[in-house]
Structure formats: C-alpha cells, structure tokens
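Me: I am new to looking at protein structures, and I would like a close look at one part. Could you walk me through a loop and then through the core of the fold?

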Amino acid sequence: MRVGKWLDIGPVEQIEPGTARTLPVEGGEELAVFRTMRGDIFTIVNKCPHKQGPLSQGIVHGNVVACPLHNWNISLETGRALGGDDGCVPTIPTKVEGGRIFLLREAVLNPQVPADEAPKAAA
Ligand code: FES
C-alpha cells in the first residue's frame with residue numbers, strides 16, 4: 001500500500017478558534033496544532049524552547065502563542081521566540097483541504113528546526 005505524503009489528522013472544527021489540540025506521535029515528539037482566531041492552522045512541537053513548557057496550553061494572540069510557564073512569545077509561523085528571547089521550536093508544514101487538516105508526514109516523524117533558526121555553535 002502506498003503511504004501518502006500528507007497525514008490527515010481530522011476536521012478543522014475539532015479545534016476551537018484561539019486554542020490548540022495536542023497530537024501524540026508514537027516514538028516522536030508530541031505536537032500542538034493551533035487554530036488562530038482568524039482561522040489559520042499551525043503545527044509546532046509542544047515544547048517551549050525555554051524550559052519545555054506545554055505551548056498548547058498557552059494564550060494565542062494573532063499568529064503567536066504565549067507560553068503558559070514564563071510567558072515567552074513564540075511565533076506559530078516560524079517557531080522562533082520573539083521579543084528578544086532566543087530559541088526556536090520545530091514547525092510542521094500544515095495545510096487545510098476540504099475542511100480537513102493535513103501534516104507533512106516526514107516532518108511529523110522527524111521534526112527539525114530549520115538550519116537558519118538553529119542555535120549557532122560556539123566559535
Ligand atoms: S518554559 Fe516557556 S517561557 Fe519558560
């Protein structure tokens with residue numbers, strides 16, 4: 001059987017606007033799928049780059065989530081910490097088709113921070 005490139009995780013309506021749903025990944029990192037008030041869908045690893053706070057429980061404003069532990073603001077688009085804080089959480093390519101949410105399968109199984117977002121190695 002051919003395995004598709006995109007993983008269908010269900011209808012958009014399963015996530016209330018301005019909230020997130022967690023998605024456990026067997027053998028991988030738990031993900032947080034966010035639906036903004038404008039209706040955009042973003043998926044990131046459910047771990048704050050500061051001290052692993054559960055970002056799915058944060059407050060969503062615009063395309064940003066405020067971590068529930070120490071209030072860092074994390075961009076849902078890039079995974080990057082904003083406002084002078086330093087860190088980045090992996091994002092998972094996500095699309096909506098026919099009212100359903102699809103995640104890029106290879107990124108779900110192996111989430112990675114893009115090279116230009118990764119912390120720089122010490123010189
Ligand atoms: S763990 Fe998220 S801000 Fe500290």
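Reply: Happy to! Let's begin with asparagine 71, which is found in the loop between strand E6 (64-66) and strand E7 (73-75); strands here are DSSP runs labelled E of at least two residues, numbered from the N terminus. This is a predicted model, where local features need pLDDT of at least 70 and side-chain atom pairs count only at pLDDT 80 or more, while totals for chains, interfaces and linings use all residues. Residues are numbered from 1 along each chain as its sequence is written.

The phi angle of asparagine 71 is near 70°, a positive value in a residue other than glycine.

Now look at isoleucine 74. Leaving aside neighbours within four places in sequence, isoleucine 74 is in contact with Cys48, Leu55, Val64, Val65, Cys67, Gly79, Ala81 and Val89, where contact means C-beta atoms, placed from the backbone, within 7 Å.

Ile74 also belongs to the largest nonpolar core, which has 23 residues; such a core is a set of buried Ala, Val, Leu, Ile, Met, Phe, Trp, Tyr and Cys residues joined through C-beta atoms within 7 Å. Ile74 is one of the members that touch the most others, along with Leu31, Ala32, Val33, Phe34, Ile44 and Leu55. Two or more core residues come from each of strands E2 (19-23), E3 (31-35), E4 (41-45) and E10 (100-104), and E3 gives the most, with 4 residues.

Key
A residue is buried if 20 or more other C-beta atoms lie within 10 Å of its own, exposed if 12 or fewer, and partly exposed in between; C-beta atoms are placed from the backbone. Two residues are in contact if their C-beta atoms, placed from the backbone, lie within 7 Å.
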